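Me: I'd like to go through this one with you, pockets and ligand included. Could you take my questions as they come?

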Amino acid sequence: MDPKVSIIMGSTSDLPVMEQAAKLLDEFEIPFEINALSAHRTPDRAMEFAKNASERGIRVIIAGAGGAAHLPGVIAALTPLPVIGVPVKASISIDGWDSILSILQMPPGIPVATVGLDGALNAGILAVQILATGNPELMEKMKQFKSDLAGKIVNANEELRQIKFKYKTN
Ligand code: RP5
């Protein structure tokens, strides 16, 4: 299987967060690869990866990092592919804001589609949505996924209806 999505992260300490994206891609049966790559510890490898990803058939890159998280931006600067950035709340973090702002606040011309703090699940969903724009079968699966989410709220309301309060009217 040739990978369509590449998940990269600054360190394996990011894995507990980034594996949420991997699980989601597995659920949608999307071939993906997962690697550690650092903009400051392995800058040459990061550059080589970014320059070759498109030619290798990768369609979307999900990049997670914590602290002064320049990995997604550096990769986005070197590839024409869409890059989804995942700010990770690392142990060195100042409440996650360092990572959020480093990834989110890219200068004009080099976008990184930034999800919320530790939001790797949303990154996975967004990657599938990007792929689905050119794949009707995947689009149907995404529709089903969304309707399953709606089903959860229907069930939640059913449970909430059972809860009794003196002044609760529904
Ligand atoms: C970043 O530094 C990584 O993305 C990670 O979130 C953080 C800490 O890395 P380790 O010291 O745990 O390897 O580059």
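Me: How do the residues lining the second largest pocket divide into nonpolar, polar and charged?
Reply: That lining divides into 4 nonpolar, 2 polar and 5 charged residues, where Ala, Val, Leu, Ile, Met, Phe, Trp, Tyr, Cys and Pro count as nonpolar, Asp, Glu, Lys and Arg as charged, and the others, Gly among them, as polar. Please keep in mind that this is a predicted model, in which local features need pLDDT of at least 70 and side-chain atom pairs count only at pLDDT 80 or more, while totals for chains, interfaces and linings use all residues. Residues are numbered from 1 along each chain as its sequence is written, and side-chain values use heavy atoms, with hydrogens and water left out.

Me: Which residues line that pocket, and which helix gives the largest share?
Reply: The lining includes Lys4, Phe28, Glu29, Arg59 and Lys141, and helix H6 (residues 136-162) gives the largest share, with 3 residues. A pocket here is an open set of points on a 1 Å grid over the protein atoms alone, where a 1.4 Å probe fits, with protein on both sides within 12 Å along at least five of seven lines, and lining residues have an atom within 4 Å of a point. Helices are DSSP runs (H or I, at least four residues), as are strands (E, at least two), numbered from the N terminus.

Me: Switching to the ligand, where does it sit?
Reply: The ligand sits in the largest pocket, meaning that more than half of its atoms lie within 2 Å of the pocket's grid points. This pocket is lined by 18 residues, and Ser11, His40, Arg41, Gly66 and Ile92 lie nearest its centre. By class, the lining has 7 nonpolar, 9 polar and 2 charged residues.
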